[in-house]
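Subject: Handover of a structure

Dear colleague,

Please find below the structure that I am handing over to you. My notes on what was found in it follow directly after.

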Amino acid sequence: MEHLNFNINIDVCSKQELTTEEQQLVDRALQASYHSFAPYSHFHVGAAVLLENGITVIGANQENAAFPSGLCGERACIFSAQSQYPDQPIRILAIAARNGEEQTEEPVTPCGSCRQVILQMEQRYHKPVEILLCGKEKYYRVSSIHDLLPLSFDQL
C-alpha cells in the first residue's frame with residue numbers, strides 16, 4: 001500500500017500583515033456581503049476579485065426558494081468578472097462572510113463547487129489565484145487553489 005502526503009501552505013495573519021492592496025480587497029469583500037440575498041440561511045457571503053488590469057469586481061451569494069438555484073458569492077463574483085473582462089486573469093480573490101450583522105470569527109472557505117471554479121480560472125490563464133479568507137481578526141492567505149483542492153478534477 002502506498003501512502004500520500006500533501007503539503008498545504010496557508011499563511012495565518014492579521015489584517016495589518018496584509019498588503020494595502022489586499023486590505024482594500026478584503027474591505028470590498030466584506031462590503032459585498034451586504035449585497036447578499038440570504039433569507040433562508042442568513043449567511044451572507046461577499047467576494048471581491050482583483051483582476052490583472054487593476055479592476056475590482058464584487059459579488060455576493062444569492063439564495064432562491066428553488067434550491068439549488070442560488071449562487072455562492074465566490075462564483076457570482078468570478079462569473080461577473082469573467083463576463084465583463086473575459087481576457088483578464090484573476091490575481092486575488094477575497095472572501096468574507098457575516099452571520100446576521102456580525103462578521104464570522106473564523107475565516108470562511110469556499111465550497112467544493114467554488115473551489116473547482118477557482119481551479120478552472122487558474123488553468124484557463126495559467127496563473128495562480130491568491131485567495132484571502134477573512135475572519136474578524138484572523139486572515140488566511142492561500143497562494144493557489146491547489147492548497148485548498150489538492151486532488152483536483154482537471155479537464156483542460
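Helices (H or I, at least four residues) and strands (E, at least two) are DSSP runs, numbered from the N terminus. Leu119, for instance, is found in helix α3.

Please note that this is a predicted model, in which local features need pLDDT of at least 70 and side-chain atom pairs count only at pLDDT 80 or more, while totals for chains, interfaces and linings use all residues. Residues are numbered from 1 along each chain as its sequence is written, and side-chain values use heavy atoms, with hydrogens and water left out.

Overall architecture

The chain contains three helices and seven strands. Read from the N terminus, these elements follow the order β-α-β-β-α-β-β-α-β-β. The chain is as compact as a globular protein of its length, because its radius of gyration of 15 Å is close to the 15 Å that the globule rule gives for 156 residues. Here the radius of gyration is taken over C-alpha atoms, and the globule rule is 2.2 Å times the number of residues to the power 0.38. The C-alpha trace spans about 45 × 40 × 35 Å along its principal axes.

Of the 156 residues, 45% count as buried; buried means under 20% relative accessible area, exposed over 50%, and partly exposed in between (1.4 Å probe, protein chains only). Contact means heavy atoms within 4.5 Å. Among the contacts with a separation of 6 or more, 67% are between residues 24 or more positions apart.

The nonpolar cores

A nonpolar core is a set of buried Ala, Val, Leu, Ile, Met, Phe, Trp, Tyr and Cys residues joined through side-chain atoms within 4.5 Å. The largest one has 25 residues, and Val49, Ile78, Leu93 and Ile131 have the most contacts inside it. At least two residues of this core are supplied by each of β2 (43-51), α2 (73-84), β4 (90-99), α3 (112-125) and β6 (130-134). Helix α3 gives the largest share, five residues. A second, separate core of 13 residues includes Leu25, Val26, Ala94 and Cys134.

Beyond its neighbours within four places in sequence, Val49 is in contact with a set of residues including Leu25, Ile55, Cys77, Ile78, Ile92 and Leu93.

Individual residues

Leu119 counts as buried, at 0% relative accessibility. Setting aside residues up to four places away in sequence, Leu119 touches Ile145, His146, Leu149, Ser152 and Phe153.

Glu52 is found in the loop between β2 and β3 (56-60) and is partly exposed, with a relative accessible area of 39%. Although Glu52 and Pro89 are 37 residues apart in sequence, their C-alpha atoms are 5.6 Å apart in space. With neighbours within four places left aside, Glu52 is in contact with Gln88, Pro89, Arg91 and Lys127.

Backbone features

Phe67 and Pro68 are joined by a cis peptide bond, with omega at about 5°; Pro68 is found in the loop between β3 and α2.

His42, with phi of about 60°, is found in the loop between α1 (20-32) and β2 and is partly exposed, at a relative accessible area of 48%. His126, with phi of about 55°, lies in the loop between α3 and β6 and counts as exposed, at 71% relative accessibility.

Yours sincerely,
A colleague
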